[in-house]
Amino acid sequence: MIGKLFDVPRRLLAGLAALLTLAAVVTFTAMADSTMQPLPATAPGDQFSAGRALVHLKKFAAGPRPVGSPAGDRARDYLAGQLRAAGLEVEIQRSVGARSAAGLATFGQVDNIVGRLRGTDSTGTVLIAAHYDSAAMGPGASDDGAAVAAMLETVRALRGGPGPRNDIVLLMSDGEEDGVLGAEAFVREHPLGKAGGVLLNWEARGVSGPSLMFETSAGNARLVETFAGAVPAPRGHSAMVEVYRLLPNNTDFTPLTKAGFTGMNFAYIQRSSLYHTAGDTIANLNPGSLQHHGSNMLALARALGGADLRTLDSDHDATYFRALGTMITYPGQFVWPLAVLAVVAVAGLALLARVRRLLSLPRLIMATASAVVPLAASAVLAQGLWELLVSWRPAYDLMGGLLHRPQPYRAAIAVLCALTVLGWYLVLRRRLGPAALAVGALTWFAGLGVLCAQVAPGASFLFALPALTGALGWLAAVLLRTPAWARTVVAMLGPVTAAMLLPSLAGNVFDGMGLALGGASALVLALSGLIVVPIAELFLPDPAIRPKRAAVLAAPLTALLLAAGLVVAGFVVDDFDADRPRRTHLAYVMDAETRRAHWVSADVDPAPWTKRYVSGHDASALPPGYARGTLRTGPAPAIAAEGPRADVLAHSGDTLKLRVTAGEGTRSVMLRLDQPISHATASAGRFGSVSVPVTGTRIGTWPSEIRFRGLPARGVQITLRVPEKDRIRLTVIAETDGLTAVPGFVPRPPDLVAATREDGDLTAVTRGYTLTRGS
């Protein structure tokens with residue numbers, strides 16, 4: 001029982017037409033999912049203008065503005081002034097934010113900007129949120145300056161029209177980069193943060209691309225309906241929501257929704273190699289991405305500002321996605337029926353093929369089970385390619401897979417996926433038959449549709465719809481007595497549906513996760529290949545005819561040569577220069593007591609500039625508790641700095657209370673202990689006090705760590721719960737941004753930027769203590 005589901009004359013012509021159709025669908029989908037054209041500053045006043053927003057961005061995002069920095073203070077004053085000038089009620093919420101992780105407690109003195117535009121007949125609050133601080137390594141023009149500038153332009157447009165029905169609150173939070181500290185303080189202390197409402201949060205993980213709605217709160221059906229109907233260019237799909245809910249990533253959206261807000265989270269994610277680096281500049285920002293952010297922001301502010309917010313509650317999520325440029329949404333109640341229909345349709349196709357003696361049940365089972373081979377092989381090959389790239393070019397390791405020009409490598413992964421899927425098909429088509437392999441591929445899609453319906457309903461459409469359309473298309477092609485071209489068209493329904501959905505998903509995964517997790521994208525591509533590969537029958541002889549060895553070897557050898565050529569092209573194209581710089585990690589650390597100083601780098605293969613500072617791996621001379629992971633070191637001159645101090649206020653039982661101060665100009669202080677902690681409290685005078693529980697331990701360094709960002713001049717009081725030990729070792733590290741204070745320091749050349757490791761590009765002065773109970 002080996003046979004094809006159907007056959008047509010002029011198979012080669014039909015095959016070429018099928019491939020061209022799939023290519024056209026993938027290309028059109030990519031074009032339809034692009035960003036918007038930016039509007040100039042002369043655009044009509046009721047529209048959002050990226051040109052006008054850029055005027056604001058240039059005022060506050062020219063350089064880094066981490067929490068507690070003078071640049072952050074200047075940005076705060078400018079932004080608050082602009083909101084006041086627009087007629088909003090403006091408050092600066094000064095507080096201490098907090099966050100805990102495994103063995104780590106992070107605190108920070110934050111200045112949140114809260115602007116309020118009161119509604120005419122409010123039914124609730126629409127909270128528009130973005131953070132105005134940046135990572136210390138770069139100016140954060142995209143992350144998150146673009147969204148903050150968009151907020152100012154949105155307010156201008158809103159103020160020029162009829163007043164909104166509902167209260168519009170703008171939260172420009174501080175300290176997001178150090179652990180969503182500002183948002184945490186807002187929901188813990190501010191009345192508007194405790195009151196709840198509808199949230200629109202805006203982010204960026206790159207400097208280009210469309211503004212994607214990638215995360216929602218639970219019960220999003222009415223919100224998605226508003227989003228799809230209000231914004232001029234909706235982008236994103238519900239599978240992103242399901243994936244992001246599984247990831248450990250945090251934005252301000254996380255603490256705000258945990259506090260009771262319902263809402264949506266937006267970001268653009270392309271050219272992510274510049275994320276959190278000195279390359280996140282206004283010059284590199286795609287104005288179309290700013291326009292897309294702002295146009296969606298203004299449209300949603302108007303729609304939600306005029307809605308009855310009490311009617312937006314829903315008890316289920318919606319499925320939403322774009323197909324050929326059209327946003328499609330349906331309620332969660334349809335997820336299971338569609339998944340079940342897909343299973344029924346595939347089962348019907350299998351039964352028909354069995355009745356017509358095109359396959360047998362054992363062969364179908366073997367075909368379905370064997371499909372795990374190309375899926376696993378594709379993921380393994382993609383991850384293996386990344387390991388090879390890192391071994392050949394170690395500088396890639398610091399980029400976390402987010403490369404400047406990854407397109408040739410992505411294409412190589414796509415070719416390898418095509419090779420594994422086609423190889424699986426060619427090897428088994430004579431043993432199991434084309435019909436069994438085609439139905440087996442659809443069985444995978446139907447099964448994944450059911451699995452996702454149970455565990456990730458918003459992603460079920462990715463598999464249930466191709467399975468349903470594919471099975472119905474094959475059934476029609478087999479049963480209908482229509483012209484050959486018509487049967488070919490209906491047989492393409494499944495592949496075309498997959499082509500509309502899966503390649504774009506693979507692209508999003510590549511953009512968001514990079515090549516370091518290329519196996520995830522490869523898995524998506526291989527899945528799409530399973531449903532497309534039966535088209536190969538239009539190019540192949542009858543299964544009963546044994547192909548010549550040369551023909552069998554031609555396809556895999558061609559694919560391997562093409563993949564190798566693409567990898568070589570990637571090395572040529574993705575070379576480092578001033579526009580696409582290489583990353584390097586370097587820090588300066590000095591023991592305040594011994595005055596011994598060292599350069600420190602975590603680079604596996606340091607650049608020539610870095611090698612002038614580090615020459616070996618001896619970390620034994622570093623202050624106790626400072627080293628984290630494997631480091632390179634080199635001698636450095638001492639600087640005139642007194643260093644931090646930790647005065648013991650109380651130490652009894654399991655409680656240790658310290659007063660921590662640092663030298664002038666110090667922005668942050670860090671404490672490391674050689675014992676685990678279970679609780680930490682930070683008190684910063686009039687800024688308040690906050691406590692967090694701490695579980696687990698740090699990896700690669702001492703078990704526990706406490707950070708305080710934006711350290712007040714008078715210092716901070718830290719209270720810890722530690723085991724009742726007779727002796728505790730403590731290292732206090734005062735951190736100052738930059739390395740220019742070190743004598744003889746030569747700035748990086750243009751083709752190098754600071755790596756994103758949080759202890760890089762810092763001047764650290766340490767002081768060690770040995771504490772005993774009762775001391």
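Helices here are DSSP runs of H or I with at least four residues, strands are DSSP runs of E with at least two, and both are numbered from the N terminus. The expected span of a helix is 1.5 Å times one less than its number of residues. Good morning, colleagues. The structure above is a predicted model, in which local features need pLDDT of at least 70, side-chain atom pairs count only at pLDDT 80 or more, and totals for chains, interfaces and linings use all residues. Residues are numbered from 1 along each chain as its sequence is written, and side-chain values use heavy atoms, with hydrogens and water left out.

Helix 14 covers residues 407-432, which is 26 residues. From its first C-alpha to its last, helix 14 reaches 36 Å, close to the 38 Å expected. Gly 433 follows helix 14 and has a positive phi, near 100°.

Helix 3, residues 70-85, has 16 residues and reaches 23 Å between its first and last C-alpha, close to the expected 22 Å. Which residues of helix 3 are buried? Taking buried as under 20% relative accessible area, exposed as over 50% and partly exposed as in between (1.4 Å probe, protein chains only), the buried ones are Ala 71, Gly 72, Ala 75, Arg 76, Leu 79, Ala 80 and Leu 83. They lie on the same side of helix 3 because they cover an arc of only 160° around the axis, the arc being that of the directions from the helix axis to the C-beta atoms. On the other side of helix 3, Pro 70, Arg 74 and Ala 85 are exposed. The cover over the buried residues of helix 3 includes helix 2 (50-60), strand 1 (89-101), strand 2 (104-117), helix 4 (141-159) and strand 4 (167-173), where contact means heavy atoms within 4.5 Å. Helix 3 is followed by Gly 87, with a positive phi near 95°.

Helix 4 has a detail of its own. Asp 144 lies in helix 4, and the peptide bond from Asp 143 to Asp 144 is cis, with omega near 10°.

I turn to the cysteines. How many disulfides does the structure hold? With a disulfide taken as a pair of cysteine sulfur atoms within 2.5 Å, the structure holds zero. The sulfur of Cys 417 is 19 Å from the closest cysteine sulfur, in Cys 452, and is therefore too far for a bond. Cys 417 is buried at 3% relative accessibility, and Cys 452 is buried with a relative accessible area of 11%.

Next come the charged pairs. Side chains of opposite charge can pair when their charged atoms come close. A salt bridge is a side-chain nitrogen of Lys or Arg within 4 Å of a carboxyl oxygen of Asp or Glu, and by this rule the count comes to 27.

Arg 322 forms a salt bridge with Asp 33, with the closest N and O atoms 2.8 Å apart. This pair links distant parts of the chain, 289 residues apart: Arg 322 is in strand 8 (residues 318-323), and Asp 33 is in the loop between helix 1 (11-32) and helix 2. Arg 322 is buried at 12% relative accessibility, whereas Asp 33 is partly exposed at 23%.

Arg 245 forms a salt bridge with Asp 317, and here the closest N and O atoms are 3.0 Å apart. Arg 245 sits in helix 8 (residues 238-246) and Asp 317 in the loop between helix 10 (287-305) and strand 8, 72 residues apart. Arg 245 is partly exposed, with a relative accessible area of 34%.

A further salt bridge joins Arg 645 and Glu 642, at 3.3 Å from N to O. Arg 645 is partly exposed at 35%, and Glu 642 is exposed at 54%.

Arg 645 also belongs to strand 14 (residues 645-652), which runs antiparallel to strand 15 (residues 655-661) and is joined to strand 15 by seven bridges. Two strands pair if DSSP finds at least two bridges between them. Asp 647 stands opposite Arg 659 in strand 15. The hairpin of strand 14 and strand 15 has two residues between the strands, and Gly 653 takes a positive phi there, near 60°.

Finally, two arginines. Arg 271 has a positive phi of about 55° although it is not a glycine. Arg 271 is in the loop between strand 7 (262-268) and helix 10, and is partly exposed at 37%. Arg 357 has a positive phi near 60°. Arg 357 lies in the loop between helix 11 (335-355) and helix 12 (361-370), and is exposed, with a relative accessible area of 55%.
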